[in-house]
There are 2 protein chains.
Amino acid sequence: MSASKILVELFYDVVSPYSWIGFEVLCRYRNVWDIDLKLRPAFLGGVMHGSGNKPPGLVPNKFLYMTKDLQRLASYCKVPIQGPSNPFEAMFEKGSLSAMRFVTAVELHSPELTEQVSRELWRRIWSKDQDITTPESLQEAGEKAGLPADQLQRLLGLAISQEVKEKLKLVTQEALNHKAFGFPLIVAHVDGRPEIFFGSDRFELLAHLLGEKWLGPVPQETGSKL
Amino acid sequence: MSASKILVELFYDVVSPYSWIGFEVLCRYRNVWDIDLKLRPAFLGGVMHGSGNKPPGLVPNKFLYMTKDLQRLASYCKVPIQGPSNPFEAMFEKGSLSAMRFVTAVELHSPELTEQVSRELWRRIWSKDQDITTPESLQEAGEKAGLPADQLQRLLGLAISQEVKEKLKLVTQEALNHKAFGFPLIVAHVDGRPEIFFGSDRFELLAHLLGEKWLGPVPQETGSKL
């Protein structure tokens with residue numbers, strides 16, 4: 001094996017439940033495979049708009065299938081997903097712009113907490129049917145993630161700054177440069193070339209490419225906070 | 001384990017390369033898992049129309065990704081897929097209606113050859129960049145599949161009969177009744193309930209549901225004619 005770990009980037013948005021599955025699986029494999037996992041919080045709305053893609057759930061049969069598919073995957077992958085009571089309102093009307101700006105602020109100024117803040121936001125929208133758009137919601141997620149009160153207030157302020165808005169746009173554009181049309185998008189840098197995987201169902205292929213073993217979505221006790 | 005095998009239906013169309021992967025993997029696992037595999041040749045165009053779905057390749061970034069994804073999957077799953085030189089013409093302008101009527105005629109009158117005829121048609125469009133719409137093309141595929149000359153002529157005639165047209169519509173409608181929005185569609189009948197899987201990327205989950213082991217896409221020497 002090479003001396004340095006392979007960089008694996010995960011572009012995601014907490015509005016996307018398949019991203020949550022991809023995120024938890026990769027967080028587990030960070031300790032199993034010889035990879036350097038880099039979280040890239042981005043804005044799914046921008047990727048859909050920039051690629052001209054439409055949400056898959058707009059086709060009724062696909063929406064029905066995805067509901068069932070997510071239920072089965074969540075159970076098998078041990079990610080506590082339970083759809084919001086009104087998924088269309090949660091995903092399309094309320095959306096995730098303020099939440100992803102908050103995660104971006106965390107990533108810029110307290111990157112050691114990006115993982116846990118993201119997880120707490122997913123838990124709100126995709127497990128507890130809670131809001132992720134108001135300052136109070138973001139504050140609660142930040143508190144649960146372990147951000148000290150003063151740091152949290154600073155980050156909530158930064159989340160609406162021009163710097164953070166620009167950074168989120170930049171990372172979203174980076175995903176589009178990799179020809180994204182949805183999330184999660186996994187970019188594995190193998191032999192200096194980016195290999196792109198869309199979705200949370202190509203891990204066996206990713207393992208093959210990395211020269212690692214796929215041991216299922218729950219490879220071992222992971223110490224995650226789920 | 002139960003005394004009787006679990007019925008697993010595969011709805012497919014030879015115009016769909018992901019269906020080819022699903023088909024070959026399930027044909028291999030027929031000898032590994034305790035299942036009774038039932039091939040259900042159907043018409044993808046009817047499913048797209050009936051569900052209001054649009055072909056994923058119409059979004060440029062998605063088309064680029066699928067091209068790469070198919071290449072990687074084909075190599076990993078050992079299915080000799082090489083896109084047609086003009087995929088839009090092959091898939092949308094020429095389509096697969098006459099091909100799937102021919103497969104339906106085979107399924108009705110020589111079902112022991114449905115598998116091999118389907119495989120030869122996939123090989124034409126998705127491996128050799130050959131036509132699958134003219135009577136000559138269908139004849140060549142039938143010959144390669146091992147149909148005797150007289151039987152082949154009879155089936156080519158039946159392929160344009162009302163009986164066969166109706167049967168193809170019926171099977172396509174059956175897929176739609178399972179809320180299909182694309183192919184492949186896998187229907188596993190577990191404890192009297194149909195469990196639906198779309199695509200060729202849920203085999204690990206299917207194995208889990210069946211109480212079987214997923215051993216990767218090429219579990220052993222399979223004796224397939226690929």
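**Before you start**

Residues are numbered from 1 along each chain as its sequence is written, and chains are lettered from A in the order in which they are written. Because the model is predicted, local features need pLDDT of at least 70 and side-chain atom pairs count only at pLDDT 80 or more, while totals for chains, interfaces and linings use all residues; side-chain values use heavy atoms, with hydrogens and water left out.

**Stop 1: both chains**

Two copies of a chain are related by a rotation about an axis and a shift along it.

The same surface serves both copies: 100% of the contact residues of chain B recur in chain A. Contact means heavy atoms within 4.5 Å.

**Stop 2: the nonpolar core**

Select A:Phe102, A:Leu121, B:Phe102 and B:Leu121. These are the residues with the most contacts inside the largest nonpolar core, which has 151 residues. A nonpolar core is a set of buried Ala, Val, Leu, Ile, Met, Phe, Trp, Tyr and Cys residues joined through side-chain atoms within 4.5 Å. Buried means under 20% relative accessible area, exposed over 50%, and partly exposed in between (1.4 Å probe, protein chains only).

Stay with B:Leu121. Which residues does B:Leu121 contact, leaving aside its neighbours within four places in sequence? They are B:Val14, B:Ala99, B:Phe102, B:Val103, B:Ile132, B:Leu138 and B:Ala141.

**Stop 3**

Helices (H or I, at least four residues) and strands (E, at least two) are DSSP runs, numbered from the N terminus. Select helix H6 (residues 114-127) and helix H7 (residues 135-144) of chain B. They pack at an angle of about 125 degrees, with their axes 8 Å apart. Axes are lines fitted to C-alpha atoms, for helices over the stretch in contact, and angles run from 0 to 180 degrees between N-to-C directions. The angle makes H6(B) oblique to H7(B). Angles under 35 degrees count as roughly parallel, over 145 as roughly antiparallel, 65 to 115 as roughly perpendicular and the rest as oblique.

The crossing of H6(B) and H7(B) is right-handed. A crossing is right-handed if the near helix is turned clockwise from the far one by less than a right angle, and left-handed if anticlockwise. On the H6(B) side, B:Glu120, B:Leu121 and B:Arg124 make the contact; on the H7(B) side, B:Ser137, B:Leu138, B:Glu140, B:Ala141 and B:Lys144 do.

H7(B) and H8(B) pack at about 140 degrees, with their axes 10 Å apart. That makes H7(B) oblique to H8(B), and H7(B) passes H8(B) in a right-handed crossing. Residues that meet here include B:Leu138 in H7(B) and B:Leu152 in H8(B).

**Stop 4**

Go to A:Asn53, in the loop between helix H2 (44-51) and helix H3 (60-77) of chain A. Is A:Asn53 buried or exposed? At 10% relative accessibility, A:Asn53 counts as buried. Leaving aside neighbours within four places in sequence, A:Asn53 contacts A:Met48, A:Phe181, B:Val59 and B:Lys62. A:Phe181 is 128 residues away along the chain, yet the two C-alpha atoms are separated by 6.1 Å.

Next is A:Thr104, in helix H5 (residues 97-109) of chain A. A:Thr104 is buried, with a relative accessible area of 3%.

Then pick B:Ile35, in strand S2 (residues 35-41) of chain B. B:Ile35 counts as buried at 4% relative accessibility. Its contacts include B:Lys5, B:Tyr29 and B:Leu210.

**Stop 3: backbone details**

Select A:Phe183 and A:Pro184, which are joined by a cis peptide bond with omega of about 0 degrees. A:Pro184 is in the loop between helix H9 (162-177) and strand S3 (185-190) of chain A. In chain B, a cis peptide bond joins B:Phe183 and B:Pro184.

Last, select A:Asp129, which has a positive phi of about 55 degrees although it is not a glycine. A:Asp129 counts as partly exposed, at 40% relative accessibility.
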